[in-house]
Amino acid sequence: QVQLVESGGGLVQPGGSLRLSCAASGRIFSINVMGWYRQAPGKERELVAVTTSGSSANYAESVKGRFTISRDNAKNTVYLQMNSLKPEDTAVYYCYAAGYNNYWGRGTQVTVSS
C-alpha cells in the first residue's frame, strides 16, 4: 500500500499563488507516476498535472503556463506550484500516485476568491 498526504491548500485572491505538497509513504518503490487531480463542486474529477519518475510532465490545457509540477524523489514528495490563480481553479485538489495500483490522497481545498 501507498499513503499520500497533501498539504498547502487554502484561500487566495485571484492572481495569487499557492504551493501544494504531497508526501508518499509505504511501498513507494512501486510508484512511477505522481500528480494532481482536482474536483470542483458539481463537476467530475479532472487531471491537473502528472509527472513520471523520469521527470516528464503533462498538464491540463487550462493550467499550462501557470502551474508547475515537480518531484523530489529523495523526499518521496510531489509539488504543485500554482501561480496566477483564477476563481475557476477553485476545487479540491487530490494527490495521485500510480504503481501496482492507483492511489489517492484525501484532498486539500483550494479556494480562489476576492
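A salt bridge is a side-chain nitrogen of Lys or Arg within 4 Å of a carboxyl oxygen of Asp or Glu. Keep that in mind for the exercises below.

This is a predicted model, in which local features need pLDDT of at least 70 and side-chain atom pairs count only at pLDDT 80 or more, while totals for chains, interfaces and linings use all residues. Residues are numbered from 1 along each chain as its sequence is written, and side-chain values use heavy atoms, with hydrogens and water left out.

**Exercise 1. Find which residues are linked in a network of salt bridges, and follow the pairs around Arg38.**

Step 1. Start with the total: the structure holds four salt bridges.

Step 2. The network links Arg38, Glu46, Arg66 and Asp89.

Step 3. Take Arg38 and Glu46: their side chains meet at 2.7 Å, N to O.

Step 4. Now turn to Asp89, whose salt bridge with Arg38 has its closest N and O atoms 3.0 Å apart. This pair links distant parts of the chain, 51 residues apart: Arg38 sits in strand β4 (residues 33-39), and Asp89 in the loop between β8 (77-82) and β9 (91-98). Strands here are DSSP runs (E, at least two residues), numbered from the N terminus, and helices are runs of H or I with at least four residues.

Step 5. Check the surroundings, where buried means under 20% relative accessible area, exposed over 50%, and partly exposed in between (1.4 Å probe, protein chains only). Arg38 and Asp89 are both buried, with Arg38 at 6% relative accessibility. Glu46 is partly exposed, at 36%.

**Exercise 2. Describe the salt bridge of Lys64 and Glu61.**

Step 1. The side chains of Lys64 and Glu61 meet at 2.8 Å, N to O.

Step 2. Lys64 has a relative accessible area of 45% and is partly exposed, whereas Glu61 counts as exposed at 64%.

**Exercise 3. Work out how the protein is built: how many helices and strands does it have?**

Step 1. Count the elements: there are zero helices and eleven strands.

Step 2. Compare the radius of gyration (taken over C-alpha atoms) with the globule rule, 2.2 Å times the number of residues to the power 0.38. The protein's value is 13 Å, close to the 13 Å that the rule gives for 114 residues, so the protein is as compact as a globular protein of that length.

Step 3. Finish with burial: 40% of the 114 residues count as buried.
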